[in-house]
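Below is a note for a colleague who is new to this structure. The points are numbered and can be read beside the model.

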Amino acid sequence: MRIRWGRLAIHLIAWAVGLIWIVPFMGILVASIRPHSELVHGWWNLSEVNLSFDNYLKAWSHATAPIGEGLKNSLIVTIPATLLPLLIGTLAAYGFLRLRFPGRNILFLGIVLLLSIPQQMVAVPLFQTLLDIKLLNTFAGLILTHTAWGLPWITMFMRNYMSTLPVEVEEAASLDGASRFQIFYKITLPLTLPALASVAALQLTWVWNDFFMALILLYEPSMQVATQRIPLLRGQYHIDWGILSAASMLITAVPVLVFVLLQKYYIRGLIGWTQK
Amino acid sequence: MRVQIRRWFEVIVFVSPALVLIGFLVVMPAVRTLALSVLNEEGQFVGLQNFSEVLLSRDTLNRDRFPLRSPPWGSVPHNAVWVLLHLPLVVMLGMILAVLLKDVTGASFIKSAIFLGMVTPMVIGGGVIRFIFDENTGVINAIFRLVGLTELTRSWTAYPDTALLALILGSIWLWTGFSMVLYSAGLATIPQEIYEAAQVDGANALQKFFYITIPSLRPVTITVVAMTILWELKIFDLVYTATLGGPGGSSMVLALQMYFLAFRSLDPNRSAVIATFLTALTLIIGVWFVRSARRVEG
């Protein structure tokens, strides 16, 4: 009987913790579907309830920071900034694992150490470089930047994953006269699909959620990505929590969807990403 | 000879696109920032003069106020306090939750709820923190009001003595999912036989936790500690939306200070000092992590 009570207590604590953790998100959800006049007494106050999607419409076509346009820009940046580093990083991972060339290990160690440096370390010269090559304030500039910043962890992650694949199949194919590129494309790449799913899920989330790089590299209002518009939605003197909540829901929907659909790969990627 | 050429061709195709992009958009700008930190506005070498000016300034370390008076204390103490409060709580909460949720009905739902903070863009996380600490719309103030703590009922992010604390508490809420998920995965790798053997030897639940679970999770703990410190040092988005480092610099952190110096004060040299200092801190953690991860793996 004592064990039963213990189990009940654990369940109650666990569910209470889960509830505490979800309450702020519930607040955002409720605030997004209720008018401003009802929110001043707290989103949990249910004395008068009128549900509407007004806040979503207002956020979507907001005068200073339309979220609809922001979501479109975020997509334009995120899709290539996920696929490009995926391709280049996988190639590099294969190269670092299977090809022999001078300086290979030092270069790889250098790439691993790059994982820890903050984006602030490159901000000013990067701004200057992109200005010089006329890519500042362009989607292409931001996409290339995200690609370069995604490459260190993708290369490391993919190399670690490929190192668990048997090398014998590749050697046999090589004896049969297959070239490196054929081996990579026909043998290695299909085997790395689960790892590619992990990389895609995480890189997509990171690029979509990024704020700092977009903040310094895209300043034209009509080109700003979704996350950049969140601070702009704050009014000067008071915050319209309804509109801000609706915008937050719209922007967060994408990474939440990725997480829900690719949960297994997402978690594996997160665990693998942290193991060097 | 032909074999040699083919080999080099392979290296170029596979490795060089990544190296060119990383070199051009990560390494080179980082080196230029390092150079900017030891130059003055005219581009002359001034040694460590910028460092002594910036790192000893009130914005970085306010010795009149730190540690005896209320914030602003300067960005370095703010980041340090962040690490000191956030790190132990996140590590402990993550580990305890992972163990607790091991055999709870509906655990995957609770885990997803806790992990939601990790999936959310931190810009929005900052907005949510401001929302829950708001005087009228904030759920935390509603609870304080309910239990009669009226002196605590106010917009926490709008006052210098509570802004930093509110952000740190909010960041614990956002980041705990990370450590919980890693610890959950770690728990699954501990062989069940060890627990069974301990059971036979008469160990109770607490003894099993302290003598089996914690030591077995050591590699995970190293990972969680390293990643969490890196996150705390680099914290930016969350502060940007919640307080912009205010009020009066009372929640200013290094990454945001660098941004303001570079893109508001338009002072590349001083901002480079903060960037270099921050990078030095993160590299210490990075090197420590790589070395201890290797040691653990044997």
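1. Start with a helix pair in chain B. Helix α3 (residues 75–100) of chain B packs against helix α10 (residues 218–234) of chain B at an angle of about 145 degrees, and their axes are 10 Å apart. Axes here are lines fitted to C-alpha atoms, for helices over the stretch in contact, and angles run from 0 to 180 degrees between N-to-C directions. Helices (H or I, at least four residues) are DSSP runs, numbered from the N terminus. The crossing of α3(B) and α10(B) is right-handed; the term applies if the near helix is turned clockwise from the far one by less than a right angle.

2. The contact between these two helices involves, on α3(B), residues including Trp82(B), His86(B) and Val90(B), and on α10(B), residues including Val225(B), Ile229(B) and Glu232(B). Two residues are in contact if their C-beta atoms, placed from the backbone, lie within 7 Å. By class, the contact of α3(B) with α10(B) has nine nonpolar, five polar and one charged residues. Ala, Val, Leu, Ile, Met, Phe, Trp, Tyr, Cys and Pro count as nonpolar, Asp, Glu, Lys and Arg as charged, and the others, Gly among them, as polar.

3. A note on the source: this is a predicted model, in which local features need pLDDT of at least 70 and side-chain atom pairs count only at pLDDT 80 or more, while totals for chains, interfaces and linings use all residues. Residues are numbered from 1 along each chain as its sequence is written, and chains are lettered from A and ligands numbered from 1 in the order in which they are written.

4. How many residues does each chain bring to the contact between chain B and chain A? Chain B gives 67 residues and chain A gives 75 residues. On the chain B side, helix α1 (residues 2–36) of chain B has the largest share, 15 residues. That side of chain B divides into 51 nonpolar, 12 polar and four charged residues.

5. Chain A is divided into domain 1 (1–52) and domain 2 (58–273), with bounds that come from an automatic or database domain assignment. The C-alpha centres of the two domains of chain A lie 34 Å apart. Eight residues of domain 1 of chain A touch seven residues of domain 2 of chain A. On the domain 1 side, the largest share, four residues, comes from α1(A).

6. In helix α5 (residues 104–114) of chain A, the buried residues (20 or more other C-beta atoms within 10 Å of their own) are Phe108(A), Ile111(A) and Leu114(A). They lie on the same side of α5(A) because they cover an arc of only 115 degrees around the axis; the arc is that of the directions from the helix axis to the C-beta atoms. Asn105(A), Ile106(A) and Leu109(A), on the other side of α5(A), are exposed, a class that means 12 or fewer such atoms. The cover over the buried residues includes α4 (67–98) and α7 (139–162) of chain A, together with α1 of chain B.

7. Please look at the backbone in some loops of chain B. The peptide bond from Phe66(B) to Pro67(B) is cis, with omega near 0 degrees, and Pro67(B) lies in the loop between α2 (49–55) and α3 of chain B. Leu266(B) is not a glycine, yet has a positive phi of about 50 degrees. Leu266(B) counts as exposed because it has 9 C-beta neighbours inside 10 Å.
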